Each structure stands twice: as C-alpha cells, then as structure tokens.
Amino acid sequence: MSDDVSWYGARATYHAKLEKMSRSTGFGRGDLFRAFVTMASAALARRVEALDGNGFPASEREQDYLDAVARIGAESARQMPEVFSALVTNMEANEPFCDLLGPVYLAWCSRSKAGEVYTPPHICDAMAEMIGPKRDDPWPTSVLEPSCGSGQMILSAAKALVKAGGTPLQLKV
C-alpha cells in the first residue's frame, strides 16, 4: 500500500495534520495514528459511559490515554484535539459511511507485506449489495465480520441497508 490515503475518495485532511506532526516531532506516522485513535476512543468512551453507564471502566480508558501520551509526548498530545476536530470536520464534509480512518490506517500502520490484506471499498460495497442486509430482515440485522480490519465491510453493510430503506441502527455487529 502506498502512502496515498485518497484511494477511498475521501477528503481526509486530518491525516495531513498527523503527517505534519510526524515530520516535526520525529515520531513515526503509525505511532501517531495509533495514539490518536487510542486518545480519541478513550475520550469518546468516557462520554458514552457518562451518558448510559456502559463501556469500559474509566480507569482502563484513562490508563490507555495516559499510555498514549507517554508514547508520543505531551507536546504531541496537546495537538491531538486539533486533529480530532479536523476529523469531525472531514466526517461532516464527506458522504455518509465514508471511511476516513481506514485509508490512513492501511497506508501508515498496515503490515500488508506480511500477508495482511484488506478488501477495497468497492468490493465491500458490491458484496453488501449482493448478500444484504435487507430492509425486511428481522431487526436487528446481524453482521458478522470476524476479521474487521478497518471496518469497511461494516460501513458497506450499513450503506446497503440505508439504500434498501432501513437505518444503520438496525445493524448488530
């Protein structure tokens, strides 16, 4: 996989901020991306837990967050909210179900040289269109994706369900 993260057609400018951080700090792009995802998911999980009482205990997520900060340093960690803001802006500017994280993960973190292979989005879309889910399927429609990777198959299943007249809330992953 090349370093080109535009092969999904997404306008993912948040990755440019991570790229700039990588060049200015000397941290590897993959390390920064993993730290970004860890820190963002920890912050979001904390919010979800506060809303509904579910999720990982706060101490586990906080420790994940602190471990990520320790790996990349405080200065890089202070820039992560700006990267997250750019990701949210990108999500709002792109079509629904556009995978903005997957291309960066595949380009920067994937071990495809070691036999790790990801299904391109157009193939996932075609598979989801052929096999369902359908609007009339029992609710919730289950999607089993044991080798989830970047989650493209799940995004494609949600897109197919909406196209069939359903909602993403009908998916059980």
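1. Serine 156 counts as buried, because its relative accessibility is 1%, where buried stands for under 20% relative accessible area, exposed for over 50% and partly exposed for what lies in between, with a 1.4 Å probe and protein chains only. The model is predicted, so local features need pLDDT of at least 70 and side-chain atom pairs count only at pLDDT 80 or more, while totals for chains, interfaces and linings use all residues. Residues are numbered from 1 along each chain as its sequence is written, and side-chain values use heavy atoms, with hydrogens and water left out.

2. Serine 156 belongs to helix H7, residues 152-163; helices (H or I, at least four residues) and strands (E, at least two) are DSSP runs numbered from the N terminus. The side chain of serine 156 makes a polar contact of 2.6 Å with that of aspartate 125, a polar contact being a pair of N or O atoms within 3.5 Å, of which, within protein, one must be able to donate a hydrogen and the other to accept it, and for which residues adjacent in sequence count only if both atoms are side-chain atoms. Apart from neighbours within four places in sequence, the contacts of serine 156 are Pro121, Cys124, Asp125 and Ala128, contact meaning heavy atoms within 4.5 Å.

3. The largest nonpolar core holds 20 residues, and Tyr14, Leu18, Phe33, Phe36, Ile72, Met80 and Trp108 have the most contacts inside it; such a core is a set of buried Ala, Val, Leu, Ile, Met, Phe, Trp, Tyr and Cys residues joined through side-chain atoms within 4.5 Å. At least two residues of this core come from each of helices H1 (14-25), H2 (29-52), H3 (58-72), H4 (74-93) and H5 (102-108). A second, separate core has 6 residues, among them Ile154, Ala157, Ala158 and Leu161.

4. Alanine 68, a residue of helix H3, is buried with a relative accessible area of 0%. Its contacts, neighbours within four places in sequence being left aside, are Ala35, Thr38 and Met39. Between alanine 68 and valine 37, which are 31 residues apart in sequence, the C-alpha to C-alpha distance is 9.5 Å.

5. Which residue of H4 marks the kink? The kink, of about 30 degrees, lies at methionine 80, shortly before proline 81, the bend at a residue being the angle between axes fitted to the seven residues ending there and the seven starting there. Methionine 80 is in contact with Leu18, Met21, Leu32, Ala35, Phe36, Met39 and Ile72, leaving aside neighbours within four places in sequence.

6. Side chains of opposite charge can pair when their charged atoms come close. Here there are 7 salt bridges, each a side-chain nitrogen of Lys or Arg within 4 Å of a carboxyl oxygen of Asp or Glu. One of them joins glutamate 82 and lysine 17 at 3.0 Å, N to O. Because glutamate 82 lies in helix H4 and lysine 17 in helix H1, this pair ties together parts that are 65 residues apart in sequence.

7. Within helix H2, arginine 34 and aspartate 31 are 3 residues apart, about one turn of the helix, and their side chains form a salt bridge of 4.0 Å, N to O. Arginine 34 is partly exposed at 37% relative accessible area, and aspartate 31 is partly exposed at 44%.
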